Amino acid sequence: MRFRSMVSLVLVLVMAVSVFAACGGKTDTGEQNTTTTTTTGETTSVSEKAPVELTVYHWNLKEFDPSKDEVAKLISEKFNVNITPVQFESSDQLKLAAASQSLPDVFDFGVMYDVSTYNSWIKQGIVRSVPQEMFDRFPKTKELNESINTWVAARELNDGIYHLARSTSTDPTIFKTGWSGIYYRKDWLKNVGIDKPISNFDEYYQALKAFKEKDPDQDGVADTGGVTFNTGWMMLDTFHAWGIDPGGWVYEDGKWIPGYLSDKNLEPLKYWNKLFNEGLVDPEFGNNTAQQAMQKFAGHNFGSIIRNADAYWMWNVIVNQFGNANPDMGDPLEIVECSNIFAKDANSAPVYYERPDPDGIMFNANLSDEKLERYLEIHEWMYSDEARFLELGFEGKHYKFDESGKIVSFNDPETGKPYDIAKMYPATGILTMISWRFENNVDPVWPDATIRADIKEKALANMKARDANPTPSNIKIMLISTPSKDLASGVDFMTEFSLIVMGKEPVEQAFEKAKQNMLATGIQPAIDEVNQAAAELGITGQ
């Protein structure tokens, strides 16, 4: 379910990259970003090195023409490199390129989405590693990668650096956990006599019950409900409060098992089964789209919605959906609260599991040290302010810094809207090779024609609260690849759990049947192989 939230990342990125651009004049980098220090301590300028050719696959890089694109020209001249973009329409095409030994020099890969292929390429020698001594010469790359849980686990398991993390953010202190949130009507809460914010799931139950029974919209009609959401995935994110991540692996009774088989799921399943059978949950949650669930919340059908709570989705739920549907109600941020997932009860602290950063950059086994190092020079530079501001265009031409330090984008006189920098300078697509750059979406100085500054501040505050003390996920176990585990990766536990929630059967009995259904898919051999591999690798339970 953590990976499901990447759908929202794509939506946020569309907003972020709409203002991609060329170079700005304000940087935090010096000559060290265009030089390489050798193991003997000698420093060589990139301009003094022989030019190199690099083929690159990155979903966001489709053109790189220095004769037409000032950003491509800047990068080419700065690093004495010619980059040829390569495009694949699907992951299957990328795998075919690997099988035919025609991979590009540098390429995107969803490490956590396809652990089997990742491990197979390493074992077969299809990809190469980055030598530790070379890696150590790039401090920002080193710092950021060593802060990424997936990268650290993969390096330890494979005894080498076989990918660089393409992280959610270039700020290692944020976006470390998932970002689901619980939205609810503050005005309804007041109307039903609850005078303090909701902080735990016991209080949430009482609020939802009141939303259904106490006419919170004060229209004299019993037509309001508790909570809506779309699909069981949103509900499953709340299971963390009970100390279980159904999408991960857990250590119980002396062995590793998939989280969805753990008896720790019983408590949250009982909670949601109770709410559903008391009519507090939208009975159509399994068929709702995200848009339908938001419309039900905005249309006063339900007093709460569970949805992603990053800056984009907070804007979408509160301002775009609720605010636009209710223009006469005032500032929607004063009416709708967005909370992190609650604590289980008054005696418990909230639980936020660390989220694996799934994406990476990998390297063809035939890539020479010279070319690899040249790419790493570019990679290191992309963490700089100089590269970051390329997303906005040339300072003074496409944007400026005002007296407070906030960035102000200029409008294109032909359209009356901010310049379409990604279209003007397609080579800016390379900048997302290091990260989705989601830090821009919560940066109050970064220009944004859509998301309000106070929404950004709220999203950032919630994120910092979640990320302050994340609960570790067993990422090494997730990264283990075995024949049966690879084949059994498609267990549909979300549907099994949703049926339990909507059912009348005692939860213990229903869960036991669901476990048997899931085991019947062939997961037991996978469990046995994972435990054998974990023992051989010395991975102990927590």
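The chain holds 22 helices and 17 strands, where helices (H or I, at least four residues) and strands (E, at least two) are DSSP runs numbered from the N terminus. The radius of gyration, 25 Å, is close to the 24 Å that the globule rule gives for 542 residues, so the chain is as compact as a globular protein of that length; this radius is taken over C-alpha atoms, and the rule is 2.2 Å times the number of residues to the power 0.38. The model is a predicted one, in which local features need pLDDT of at least 70, side-chain atom pairs count only at pLDDT 80 or more, and totals for chains, interfaces and linings use all residues. Residues are numbered from 1 along each chain as its sequence is written, and side-chain values use heavy atoms, leaving out hydrogens and water.

Of the 542 residues, 56% count as buried (under 20% relative accessible area; exposed is over 50%, partly exposed in between, with a 1.4 Å probe and protein chains only).

Now to the backbone. Most residues other than glycine have a negative phi. Asp215, however, has a positive phi near 50°. This residue lies in the loop between α9 (201–213) and β8 (225–228), and Asp215 is partly exposed, with a relative accessible area of 23%. Thr231 also has a positive phi, near 65°, but is found in helix α10 (residues 231–236). Thr231 is partly exposed too, at a relative accessible area of 21%.
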